[in-house]
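Here is a briefing on a single protein chain. Look at the sequence and the fold first, then read the points below.

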Amino acid sequence: MTRPSSAPRPPNPEPSKREWFSEIIGRTRFVVLIAVIAVLLVSFSLFLQGTLLALHTIYDSWRDTFTQGIASQEGNIAVEFLEIVSTMLKAVVFYLIGVGLYSLFITPLNLTSALGVESLADLEQKVVSVIIVILGVTFLEHFVRWDKPLDTLYFAGALALAGGALVFFQRVHRGSGGDLGQPQSKVRARQELFENHTEQRHIDDHDVEVAEQATQAKQEGKVDAEEGSG
């Protein structure tokens, strides 16, 4: 008994010109790697400079303490260490931008998910938050010096206007982050990152379903935007 010959498989349809062009456009996202590398290099440079500045300041402060007494450190040491904190915070800003862009355009990372960065809006919120802290630390440096009280008052007013504008920006855009930023997703990302040492994030069907439900609930007005964004 002869076996019936299997039906020939239809040839794979060739991609249309539109699909081919769309594929090329989608691949252009890897251009972001240039910005990611540049920003991370700036971040690492600031971290290194902050570390060297910290070591130099610690050495000088203890040397002056042993040679001139503890009274020689009044006022100056606080300003010097605040400058170190300001440098480290600036490095954190560039680091958040670098890893955030990589996770958003190249490959999702558990690190950004654990930090709550699921969209460009989330990245803006995190960066703005750190910038507000930098403004506070910068004003504290001038306040500790207290060289020119009137100039310090003007400086405080300028920082208050800038900080107020940033806080207003945060309140206006609050809740406009990614729908995948659900609490359970963040907890799972932290577990995979810190316990299982898994860097790349996997988005399963359950995450998509939860995001769709959250989006639908916000559209129907059942959930506030802040609650839906996790």
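A78 lies in helix α3, which covers residues 76–105. A78 is partly exposed, with a relative accessible area of 34%; the term covers values between buried, under 20%, and exposed, over 50%, using a 1.4 Å probe and protein chains only. A78 and L140 are 62 residues apart in sequence, yet their C-alpha atoms are 9.6 Å apart in space.

The model is predicted: local features need pLDDT of at least 70, side-chain atom pairs count only at pLDDT 80 or more, and totals for chains, interfaces and linings use all residues. Residues are numbered from 1 along each chain as its sequence is written, and side-chain values use heavy atoms, with hydrogens and water left out.

**Overall fold**

- The chain has 9 helices and 0 strands; these are DSSP runs numbered from the N terminus, with helices (H or I) of at least four residues and strands (E) of at least two.
- Read from the N terminus, the order of elements is α-α-α-α-α-α-α-α-α.
- The chain has 230 residues, and buried residues make up 31% of them.
- Contacts are heavy atoms within 4.5 Å. Among those between residues at least 6 apart in sequence, 71% join residues at least 24 apart.
- The chain exposes about 15,600 Å², and carbon and sulfur atoms supply 63% of that area. Accessible areas come from the Shrake-Rupley method with a 1.4 Å probe; for residues, only the protein chains shown count as cover.

**Annotated spans**

- An unreviewed UniProt entry lists residues 30–55, 92–115, 127–146 and 152–169 as "transmembrane region". UniProt positions follow the numbering used here, feature names are shortened, and annotations may be inferred rather than shown by experiment.
- Residues 92–115 are 83% helix and 0% strand, and the end C-alpha atoms of this span lie 13 Å apart.
- Residues 152–169 are 100% helix and 0% strand, with end C-alpha atoms 25 Å apart.

**Surface patch**

- W20, F21, I24 and I25 make a nonpolar surface patch of about 430 Å². Patch residues have over 30% relative accessible area and no salt bridge; like charges are joined within 9 Å, and nonpolar side chains (Val, Leu, Ile, Met, Phe, Trp, Tyr) within 5 Å.
- F21 sits in helix α1, residues 17–27.
- F21 is partly exposed, at a relative accessible area of 49%.

**Salt bridges**

- The count is 2 salt bridges, each a side-chain nitrogen of Lys or Arg within 4 Å of a carboxyl oxygen of Asp or Glu.
- D60 pairs with R63, with the closest N and O atoms 3.5 Å apart. Both residues belong to helix α2 (residues 32–68); they are 3 residues apart, so about one helical turn separates them.
- D60 is buried at 16% relative accessibility, while R63 is partly exposed at 41%.
- R63 also forms a salt bridge with D64, the closest N and O atoms being 3.6 Å apart. Shared partners join D60, R63 and D64 into one network.
- D64 counts as partly exposed, at 22% relative accessibility.

**A buried polar contact**

- S113 is found in helix α4, residues 110–115, and is buried at 1% relative accessibility.
- The side chains of S113 and E118 are joined by a polar contact of 3.0 Å. A polar contact is a pair of N or O atoms within 3.5 Å; within protein, one must be able to donate a hydrogen and the other to accept it, and residues adjacent in sequence count only if both atoms are side-chain atoms.
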